[in-house]
Amino acid sequence: MNRSNATATFYGATDTGRVRNNNEDNFIACEIRGGTHILLAAIDGIGGYEGGEVAARIARDVIVSFVNAHPEGDCLEVLKQAVTEANNTIVAQKKQDSHRSNMGCVLSSAIISLSEKRLYMVHIGDSRLYRYSPCSGLTKLSHDHSLVGFREEIGMLTEDQAMKHPQRNIIERSLGDILHTPDDENYLDSGIFPIFGSTQFLLCSDGLSDMVYSADIAGVLSSDASAHEEVARLIDMANDAGGKDNITAVIAKLTVPEDASGNNDVADNGNPCNRIAGLPPADNRDDLISAEATDASLQATSSQHYSDNKSSRLTRFKIYLITAVVTFLAGGTVGFFIGVTTGEQQAQAAIEAAEKAKSETDSIIMQVNNPTDTIAEAERLGEQTADSINRLYRQKTDSARTVHNPSTTVSRNNNQ
């Protein structure tokens, strides 16, 4: 493809892997809007034999059909509506077929506009969207909707620990759970990313990212091979590492040169690295980078969002930890991802309730890496909060440390 001096090639494939008998993954890689845009997605089904496969196929068909039926309009809004239409179709299908009542899927999807030189992302679950450029290397643009993925992002787990973690497949969000509208809270993540110079985007299921280290993925994307060859190589690497899950990879390779007028549309001073290097991963909210932002302010706007979100991600971690420990101590069986929204007040109320609780629990919500008398760090959570958690934890050190079917999470337990 060649539109407005921007060139693009793309390719996608999916593979059953070495362990499973059926493939519950699916993907999208096609031109839309008369060849001026590209629609991409990596879709991972949930729900066991046939269920996940059906959900992933529904998501693919509905998204392609919806986007093609809306050849005009804001790309991000159209994609959010398309994914929501897929979600609601899966919910309706589940009601009609009791044998597939647990089916659902996760996905990373994108529309690339060559004329605007932007990628529009909509994401839910633990499939991933990566960007690769020679300047900045490999960057994960999506955020995993899982506690293990979140802990990896904030540095609590190494990549190796996260890839091997026994709870890595427990996810917080998926398509097919309940009916949604596109702008519901705690539902879809979305973002807009500029395209400068030579850039590649990789969308993949966790069958790839759980088996192949990011450095090795970057090594493949840094080659001069075609998108087809790179996809094939990544799938082979995942299979060589064990192929424990279905594997899906979709790659788009893009080049944005100087425009016809001689003005460099790539970066300041003709160097794409000047802009690319500082661009952050996506925030977990809509419109991370405004489509109306000028090129001059694009990086500053993006960096400010990312800086602001560091604080919100730390708060999110704090709530996860407090909620998990307090629920464990109080004898609850709620699960990893309780809908805590108010921060300190709700956390304090939960701690006070836990102090009055007399029942023992036979499960723990979250595995704690450091099974000592101190599990909450004062420098991370504050002295008062950390002291309260540690004091309560010491009273229950003989309690069990296994997850007991958390009801508000989804586990991808497909034919294992």
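What is the mean pLDDT of the protein, and what share of its residues reach 70 or more?

1. The model is a predicted one, and confidence is the point to settle before any detail is read from it. The mean pLDDT of the protein is 76, while 61% of its residues reach 70 or more.

2. Two stretches call for caution. Over residues 277–312 the pLDDT stays under 50, and for this stretch the model has 66 contacts beyond four places in sequence. Residues 396–408 also have a pLDDT below 50, and here the model shows 35 contacts beyond near neighbours in sequence. Those contacts belong to stretches whose pLDDT is under 50, and a reader may wish to keep that in mind when looking at them.

3. As to the overall picture, the protein has 416 residues, of which 52% count as buried, and it contains 12 helices and 13 strands. Among contacts with a separation of 6 or more, 73% are accounted for by residues 24 or more positions apart. The protein exposes about 17,500 Å², and carbon and sulfur atoms supply 45% of that area.

4. Strand 11, residues 197–204, includes G197, which counts as buried because its relative accessibility is 7%, under the 20% cut-off. Along the chain G197 and T255 are 58 residues apart, yet their C-alpha atoms are separated by 5.4 Å.

5. S205 is found in the loop between strand 11 and helix 5, the latter being residues 206–209. With a relative accessibility of 0%, S205 counts as buried, and its side chain makes a polar contact of 2.9 Å with the side chain of D25. Leaving aside neighbours within four places in sequence, S205 is in contact with D25, A42, D44, S127, N246, I247 and T248.

6. The cysteines deserve a brief remark. C105 is buried, with a relative accessible area of 0%, and C204 is likewise buried, its relative accessible area being 0%. A disulfide is a covalent bond between the sulfur atoms of two cysteines. With sulfur atoms required to lie within 2.5 Å, the count of disulfides comes to zero.

Definitions and conventions. Residues are numbered from 1 along each chain as its sequence is written. This is a predicted model: local features need pLDDT of at least 70, side-chain atom pairs count only at pLDDT 80 or more; totals for chains, interfaces and linings use all residues. Side-chain values use heavy atoms; hydrogens and water are left out. pLDDT is the predictor's confidence in each residue, from 0 to 100. Contact means heavy atoms within 4.5 Å. Helices (H or I, at least four residues) and strands (E, at least two) are DSSP runs, numbered from the N terminus. Buried means under 20% relative accessible area, exposed over 50%, partly exposed in between (1.4 Å probe, protein chains only). Accessible areas come from the Shrake-Rupley method with a 1.4 Å probe; for residues, only the protein chains shown count as cover. A polar contact is a pair of N or O atoms within 3.5 Å; within protein, one must be able to donate a hydrogen and the other to accept it, and residues adjacent in sequence count only if both atoms are side-chain atoms.
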